[in-house]
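Trainee: I have a model open and would like to go through it with you. Can we start with the ligand sites and then look at the backbone?

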Amino acid sequence: MKSEKRAKPKIGVFKFASCDGCQLTLLDAEEDLLAVAQAVEIAYFPEASRRMRKGPFDIALVEGSITTHHDAQRIHQIRRASKLLVTIGACATSGGIQALRNWQDAGEMARVVYARPSYISTLKLSTPIAEHVEVDYELRGCPIQKGQLLELLSALLAGRKPNVPTYSVCVECKRRGSVCVMVAQGIPCLGPVTQAGCGAICPAYNRGCYGCFGPMESPNTTALSDHFRILGQTPTQIQHAWRGMNAWAWEFRKASEEVKVP
Amino acid sequence: MRASSPPREGVLPRSRLSALFQALQEWGYEIIGPQIRDQAIVYDVLDRAEDLAAGYREEHAPGRYRLTPRAQQKVFASTASIHAWKRFLYPPEIKLYQISLNSSQAQIESLATPVRKRAFLGVRPCDLHAIAVQDRIFTGGVYRDPYYEANRAATLLIAVNCDEPGATCFCGSMGSGPSATHGFDLLLTEILEPEHRFLIESGSAAGEAILSRLPVTPPQEEDRTAAQDLHRQACQKFQRFVDTNELRELMYAQAESEHWEKVARRCFACANCTQVCPTCFCVNFEDSSDVSGATAQRWRRWDSCFHLSFSYIHGGSVRTSVGARYRQWITHKLASWWDQFGTSGCVGCGRCVTWCPAAIDITAEAKALGTLTRSERAHAST
Ligand code: SF4
Ligand code: SF4
Ligand code: SF4
Ligand code: SF4
């Protein structure tokens with residue numbers, strides 16, 4: 001048994017284009033937050049503390065997508081300064097809801113939205129972190145699930161494999177004992193192609209899954225689009241279903257583009 | 001023979017059904033039975049006979065279920081409900097044990113869930129067979145599951161014969177319904193005309209003991225005739241069939257079939273079929289620790305052969321294509337289960353047909369695979 005005091009692993013929490021909801025999940029960990037603070041040194045977390053220490057970091061938690069030239073450079077600095085880089089949430093892992101602009105003209109949108117579009121310097125696309133640097137682990141979700149975050153941190157600290165399932169939301173839906181809303185009510189549900197993690201919350205409240213956790217390990221999106229059609233969804237509705245928080249995740253993106261919208 | 005042996009049969013008027021609840025509760029049983037939740041009939045804890053889902057009709061089709069009210073006040077109107085009884089005997093998730101580190105000592109705490117005396121009320125004949133199949137798996141061999149065994153020993157099975165098979169039921173083909181012959185503590189036949197009543201038969205000492213406390217009258221000729229008529233009518237109502245003749249060989253012959261890729265185009269690999277199947281038993285053991293590293297737990301969670309991670313060994317998953325995963329599942333259910341456990345892995349409850357969101361129908365797939373083998377054989381012999 002080790003008795004000597006090891007230096008606590010240094011953690012940095014970094015933000016790119018995002019809503020802060022995923023970082024907040026860490027602050028929302030409440031009773032577990034103390035344990036986290038005891039187990040690691042939270043060296044850089046502007047959302048929580050003004051004390052911002054420099055790297056290198058043992059673990060970087062990265063939230064948000066890359067949308068500006070500056071972002072695209074900064075993520076490389078973070079990667080260089082971090083042993084492990086973990087992306088957290090739909091923005092960081094797939095480009096986020098802001099990736100909806102990837103199908104539009106970003107300059108055109110800036111002109112519509114901002115009084116002085118000349119102040120806006122943005123990339124054409126909102127892209128996930130993994131398109132820019134190597135990512136060691138990813139946590140899906142919009143926002144991420146607190147239990148999964150703690151599980152991942154605990155696993156990294158203990159040097160064991162994290163239990164982060166890659167199967168469908170349906171598995172959690174059945175474990176929970178919910179009645180399938182798609183079969184029993186004809187409500188379109190993305191559960192069969194979406195990765196587990198949320199605990200199948202939406203079906204438990206009589207709604208179809210919105211796909212917050214992105215594509216599962218082997219998503220059959222074509223079959224689900226077909227099924228949505230049988231359930232009476234219009235092509236536009238089907239395309240909108242794919243274009244949510246994980247619109248730019250490759251399989252969802254492909255599915256949305258396959259829909260023939262008249 | 002004892003002079004005053006307890007009654008083995010009796011007739012209970014519908015109006016006195018609460019007496020059954022009372023007797024069970026006095027004996028300390030928690031009653032689990034059909035009730036309405038989220039627009040479906042599910043099995044859960046019942047406190048009173050009034051909470052049973054009377055006066056409803058279920059509609060079953062591949063990938064489709066609807067519950068609608070009907071005038072007739074039949075009490076046991078549902079077929080095998082979405083969540084099988086295995087939920088209670090073999091829960092979806094249990095914490096097996098916890099290890100805590102105190103100073104320099106590791107303490108191991110076993111966390112087997114406390115066992116409750118439970119009465120399952122409204123078990124369909126197919127599910128009696130499914131429970132018998134799981135009994136064989138978990139209590140019949142060298143490797144026994146103590147959690148299942150303890151739950152099972154504390155469970156009373158009150159079965160109800162089926163007179164209205166659902167559109168996805170095919171127990172008639174699998175020899176497991178629509179009427180029960182054994183494996184129950186009590187067996188009910190619900191008779192609606194002329195008076196709404198239950199013909200009750202006991203199948204064990206525990207069943208007899210409960211029956212002896214009920215306000216029943218001895219069955220008359222018309223009660224027996226009515227029950228037989230219901231059975232005959234039920235047998236006529238099946239809409240799905242599986243030809244079990246040579247089924248195992250027919251399935252094995254299709255191991256390399258192109259048919260699997262056809263199914264894979266429709267299948268989500270969502271695992272719903274395995275989660276609702278009353279005989280599927282695959283689980284995963286997951287170890288986790290807390291942030292401080294002071295405690296670690298071992299969990300057991302339902303898993304499925306439809307998951308990539310399920311067949312993951314060094315170097316990758318064994319069954320990468322969805323076709324291979326569907327093949328694994330249906331071949332296990334209909335063929336290799338015989339080699340492994342000496343029974344069919346499928347009892348024909350129809351759950352996987354109704355609750356597959358992609359409307360994949362095991363009876364249709366079995367038929368398609370059988371036809372392929374037969375035509376290949378015919379071809380080879382010409
Ligand atoms: S409600 Fe959705 S997530 Fe749940 S089983 Fe049905 S399809 Fe899957
Ligand atoms: S499969 Fe047979 S026993 Fe099971 S519910 Fe249907 S009719 Fe009843
Ligand atoms: S057969 Fe149906 S329920 Fe089973 S994994 Fe495929 S789509 Fe899901
Ligand atoms: S394979 Fe399907 S029909 Fe057969 S026992 Fe399992 S769920 Fe029921």
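Trainee: Which residues are around ligand 1?

Mentor: Some ground rules before that. This is a predicted model, where local features need pLDDT of at least 70, side-chain atom pairs count only at pLDDT 80 or more, and totals for chains, interfaces and linings use all residues. Residues are numbered from 1 along each chain as its sequence is written, chains are lettered from A and ligands numbered from 1 in the order in which they are written, and side-chain values use heavy atoms, with hydrogens and water left out. Around ligand 1 you find A:V169, A:C170, A:C173, A:K174, A:C180, A:V181, A:M182, A:C189, A:G191, A:P192, A:P203 and B:N272. A residue is near a molecule here if one of its heavy atoms lies within 4 Å of it.

Trainee: Why is the site of ligand 1 called shared between chains?

Mentor: Because the residues that surround ligand 1 come from chains A and B.

Trainee: Which helix gives the most to the shell around ligand 1?

Mentor: That is α7(A), with four residues. In chain A, α7 (169–176) and α8 (181–185) each supply at least two residues of that shell. Helices (H or I, at least four residues) and strands (E, at least two) are DSSP runs, numbered from the N terminus.

Trainee: How do the residues of the shell around ligand 1 divide?

Mentor: Into nine nonpolar, two polar and one charged. Nonpolar covers Ala, Val, Leu, Ile, Met, Phe, Trp, Tyr, Cys and Pro, charged covers Asp, Glu, Lys and Arg, and the others, Gly among them, count as polar.

Trainee: What about ligand 2, which residues surround it?

Mentor: B:T79, B:A80, B:R124, B:P125, B:C126, B:C162, B:P165, B:C169, B:C171, B:G348 and B:C349. By class, the shell around ligand 2 has eight nonpolar, two polar and one charged.

Trainee: And how many residues surround ligand 4?

Mentor: 13, and the closest are B:C277, B:C346, B:C349, B:G350 and B:C352. The shell around ligand 4 divides into nine nonpolar, two polar and two charged residues. Two helices of chain B, α11 (322–341) and α12 (351–354), each supply at least two residues of the shell around ligand 4.

Trainee: Is B:C352 buried or exposed?

Mentor: B:C352 counts as buried, at 11% relative accessibility. Buried means under 20% relative accessible area, exposed over 50%, and partly exposed in between (1.4 Å probe, protein chains only).

Trainee: There are cysteines in those lists. How many disulfides does the structure hold?

Mentor: Zero, over all chains. A disulfide is a pair of cysteine sulfur atoms within 2.5 Å.

Trainee: Changing topic to the backbone. Where is the peptide bond from A:G55 to A:P56 in omega?

Mentor: Near 0°, which is cis. A:P56 is in the loop between β2 (41–44) and β3 (57–63) of chain A. The bond from A:C142 to A:P143 is also cis, with omega near 0°, and A:P143 lies in the loop between β5 (137–139) and α6 (146–158) of chain A.

Trainee: What phi does A:A200 have?

Mentor: A positive one of about 55°, although A:A200 is not a glycine. Most residues other than glycine have a negative phi, and most peptide bonds are trans. A:A200 is in the loop between α8 and α9 (201–204) of chain A, and is buried with a relative accessible area of 0%.

Trainee: And what about phi at B:E246?

Mentor: Also positive, about 65°, and B:E246 is not a glycine. B:E246 sits in the loop between α7 (221–236) and α8 (247–252) of chain B. Its relative accessible area is 36%, so B:E246 is partly exposed.

Trainee: Last one: what does B:R152 touch?

Mentor: Leaving out residues up to four places away in sequence, B:R152 touches B:L89, B:I131, B:D135 and B:L157. Contact means heavy atoms within 4.5 Å. B:R152 is in helix α4 (residues 146–153) of chain B, and is buried, with a relative accessible area of 18%.
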